[in-house]
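Below is a short report on the pockets of one protein model and on a residue that lines one of them.

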Amino acid sequence: MDLAKDWEPDKIRDALNAQLRPDPISVLTCDRAPADFDARLSASARRYLYRIVDRRAPLALERNRAWGVFRPLDAEAMSDAAGVLIGHHDFTTFRSTECQAKSPIKTLDQLDVSRHGEIIRIETKARSFLHNQVRSMVGSLKLVGEGRWSARDLRAALEARDRAACGPVAPPQGLYLVKVDY
């Protein structure tokens with residue numbers, strides 16, 4: 001934010017937190033930024049987390065915080081297949097029809113799938129993502145976890161460069177922007 005007065009960052013943090021109470025959000029730190037700083041364009045990477053809970057019982061505490069999948073998924077197969085998407089590719093298949101990006105070509109630096117009990121964590125990192133790219137990749141990885149797709153099928157979907165080749169788009173519940181690197 002641009003301020004008329006030169007406030008100390010700690011004072012700004014405390015003032016913001018006072019206004020945010022009692023909502024479950026807090027500002028941890030504030031820093032001064034260069035005059036040419038742009039929150040979107042100055043980012044060197046964005047990190048997202050997607051959470052899937054694969055169990056028979058419906059979600060209670062995790063409702064609206066994860067994707068409830070009511071059958072066991074093979075997280076190891078999902079992890080192996082995820083490697084297909086890492087790197088510099090045309091991600092048209094995983095791009096929303098409403099995406100406003102000039103190019104579907106992106107570099108995906110990380111796509112890790114890991115199991116933690118009944119929770120499957122999908123962590124991803126890139127400089128930028130297409131609209132719905134993460135949720136589209138997660139939906140396709142779910143098909144791998146169900147045994148309906150293989151890594152080869154995922155590669156074929158990527159190479160098709162066709163939205164129709166994508167698996168289902170995962171619901172927004174479960175998607176978290178974890179960090180933006182500058």
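The model is predicted: local features need pLDDT of at least 70, side-chain atom pairs count only at pLDDT 80 or more, and totals for chains, interfaces and linings use all residues. Residues are numbered from 1 along each chain as its sequence is written, and side-chain values use heavy atoms, with hydrogens and water left out.

A pocket is an open set of points on a 1 Å grid over the protein atoms alone, with protein on both sides within 12 Å along at least five of seven lines; lining residues have an atom within 4 Å of a point. A volume is the space filled by probe spheres set on the points.

| Largest | about 890 Å³ | Met1, Cys30, Asp31, Arg32 and Ala33 |

The lining of the largest pocket has 15 nonpolar, 1 polar and 5 charged residues. For the second largest pocket the division is 9 nonpolar, 4 polar and 5 charged. Helix 3 gives the most to the lining of the second largest pocket, with 3 residues.

Arginine 46 is found in strand 1. A polar atom of the side chain of arginine 46 lies 2.3 Å from the backbone oxygen of arginine 127.

Terms used: 1 Å grid on protein atoms, 1.4 Å probe; cavity = no way out; pocket = protein on both sides within 12 Å on 5 of 7 lines; lining within 4 Å. Nonpolar A, V, L, I, M, F, W, Y, C, P; charged D, E, K, R; others polar. Helix = DSSP H or I, 4+ residues; strand = E, 2+ residues; numbered from the N terminus. Polar contact = N/O pair within 3.5 Å; in protein donor to acceptor, adjacent residues only side chain to side chain.
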